[in-house]
Each structure stands twice: as structure tokens, then as C-alpha cells.
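Try each task before reading its solution.

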Amino acid sequence: QDRKQNIINQLHKGVQHLMKKGQIDVYEGIGRILGPSIFSPIPGTISVEMNNGSENEMLIPKNIIIATGSRPRTLPGLSIDREYVMTSDEALEMESLPDSMIIVGGGVIGIEWASMLSDFGVKVTVIEYADRIIPTEDHEISKEMQRLLKKKGITILTSAKVLPESLVKDHGVTIAAEINGDVREFKAEKILVSVGRQANTEGIGLENTEIQIEKGFIAVN
């Protein structure tokens with residue numbers, strides 16, 4: 001954890017230096033993209049409500065890139081408690097390794113964690129809803145990755161639907177999954193929910209503009 005934080009601090013300072021060297025202005029606050037109104041000189045003006053409480057800044061750009069980032073997606077019914085059930089964000093803050101971990105989701109992030117935790121000596125079980133792990137990759141890559149992970153002792157279950165209502169927390173976790181019509185229970189010290197990411201689009205001010213949010217994402221043309 002100390003090493004990770006030192007690397008993050010070093011990278012952060014490096015980016016700040018590059019921003020300063022590139023003479024890039026940074027406004028810390030809440031930005032709102034304004035359409036035609038009496039408050040905006042021209043459509044597309046950005047009003048910034050400054051974090052320091054100073055008067056709003058009005059920016060008139062030629063072009064705008066909206067880059068609000070993303071965060072881990074969660075599963076309905078599997079609430080993140082940071083102790084027994086976590087996402088990759090909470091997992092990055094673990095101060096000790098669990099003896100065992102169930103990873104819900106066999107995508108790229110889930111498989112990264114499965115491989116790393118296994119290297120650290122954690123007993124890992126991966127439960128993936130699709131019929132193969134890393135389903136967005138080529139079939140041959142999925143097949144070879146599954147072979148290598150199983151060789152490391154990782155248990156991989158595909159075509160498996162986790163049943164959140166079955167979750168029991170008591171000195172560890174127990175959760176059931178439906179696999180080909182059969183329901184099986186799995187036990188571990190912790191659960192890592194890794195079912196993709198979702199865009200940070202809540203609360204974006206797009207007053208009177210043609211920019212639309214569709215299914216949580218900004219619609220592009």
C-alpha cells in the first residue's frame with residue numbers, strides 16, 4: 001500500500017508539472033454547459049461554480065471534451081459494505097490479504113484481480129455470467145486464459161448467475177449461483193464485485209443543450 005501510494009503521488013506530481021509546463025488552466029469546481037440563454041454569451045459557454053466560493057467563471061471554448069470518467073458498476077442486491085463485499089476501488093485499499101475471494105465477473109478487471117490475488121496466495125473463485133471469461137476478447141484468448149488460470153489453481157465458473165438474495169455474512173460470506181439450472185453455494189472470506197464500469201454522468205449540467213444522456217452515457221453522433 002505504501003509503495004502504491006508513493007507511485008500515485010509521483011505520477012500525480014508529474015502530471016501537475018506537465019499541466020503547468022503546457023500552460024493549461026485548471027478550474028476546480030462544478031462546470032455547467034449552457035445552451036442559449038440570457039446567462040451565456042453564446043451557446044456552449046461553460047459556467048464554473050468555483051470550489052473556493054469565488055464568483056462563477058464563464059469560459060467560452062471553441063470545442064468541448066466531456067471526460068468525467070467512470071466508476072465500478074455494482075449488482076442490484078449486492079450492496080458494497082467495504083468489509084465483506086467490495087469493488088476494485090475498495091480492494092485497492094485492503095491492508096491485509098483475505099484467505100479466499102469470490103470474484104463476481106470474469107471481465108478484464110476481474111481476471112486481473114484473480115491472477116494477482118492468486119499470485120499472492122489467495123484462494124480465488126471466479127463466477128462469470130457469460131459462457132466464457134473475458135467475453136469481449138477473441139474466443140482463443142478466453143480459452144487460453146482460462147487454461148492458464150485453472151493451472152494456477154483458480155476456480156472458474158461460466159454461464160453462472162449469482163443470486164444476490166442468497167448472500168449471508170458471518171465471519172466471511174456465503175453466496176449461491178445458478179449454473180445450468182442447478183443452484184450451488186460458495187463460501188469465501190470476501191466478495192469482489194467486478195461487473196464492468198459505469199459513466200460518471202449524474203448531475204452533469206447540460207441546461208438547454210442538445211447533449212443527451214442515454215442509459216447513463218452521453219449520446220454521441
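## Exercise 1: A helix at a pocket

Find the element that gives the most to the lining of the second largest pocket.

Solution. That element is α3, with 3 residues. The model is predicted: local features need pLDDT of at least 70, side-chain atom pairs count only at pLDDT 80 or more, and totals for chains, interfaces and linings use all residues. Residues are numbered from 1 along each chain as its sequence is written, and side-chain values use heavy atoms, without hydrogens or water.

Step 1. Take the volume: about 360 Å³. A pocket is an open set of points on a 1 Å grid over the protein atoms alone, where a 1.4 Å probe fits, with protein on both sides within 12 Å along at least five of seven lines; lining residues have an atom within 4 Å of a point.

Step 2. List the lining. It has 13 residues, and Gln 1, Leu 92, Met 94, Met 116 and Phe 120 lie nearest the centre. The elements giving two or more residues are α1 (2-21) and α3.

Step 3. Sort by class. The count is 8 nonpolar, 2 polar and 3 charged.

## Exercise 2: The faces of α3

Determine which residues of α3 are buried and how they are arranged.

Solution. Step 1. Check the span. Helix α3 (residues 108-119) has 12 residues and reaches 17 Å from first C-alpha to last, close to the 16 Å expected at 1.5 Å a residue.

Step 1. Pick the buried residues (under 20% relative accessible area, 1.4 Å probe, protein chains only). They are Gly 110, Ile 111, Trp 113, Ala 114, Leu 117 and Ser 118. Seen down the axis of α3, they fall within an arc of 160 degrees, so they line one face of the helix. An α-helix has 3.6 residues a turn, so residues three or four places apart point the same way.

Step 2. Turn to the other side. Glu 112 and Asp 119 are exposed there (over 50% relative accessible area).

Step 3. Trace the packing (contact: heavy atoms within 4.5 Å). The buried residues of α3 pack against α2 (88-91), β6 (100-104), β7 (123-127), α4 (139-151) and β12 (190-193).

Step 4. Look past the helix. Gly 121 follows α3, with a positive phi near 95 degrees.

## Exercise 3: The largest pocket

Describe the volume and lining of the largest pocket.

Solution. Step 1. The space is about 640 Å³.

Step 1. Its lining has 22 residues; closest to the centre are Gly 31, Ile 46, Val 48, Ile 64 and Ile 65.

Step 2. β1 (29-33) and β2 (46-50) each supply at least two lining residues. β1 gives the most, with 5.

Step 3. By class, the lining has 14 nonpolar, 6 polar and 2 charged residues.

Technical notes:
Helix = DSSP H or I, 4+ residues; strand = E, 2+ residues; numbered from the N terminus. Expected span 1.5 Å × (residues − 1). Arc of directions from axis to C-beta. Points joined across faces, edges and corners; volume = space filled by probe spheres on them. Nonpolar A, V, L, I, M, F, W, Y, C, P; charged D, E, K, R; others polar.
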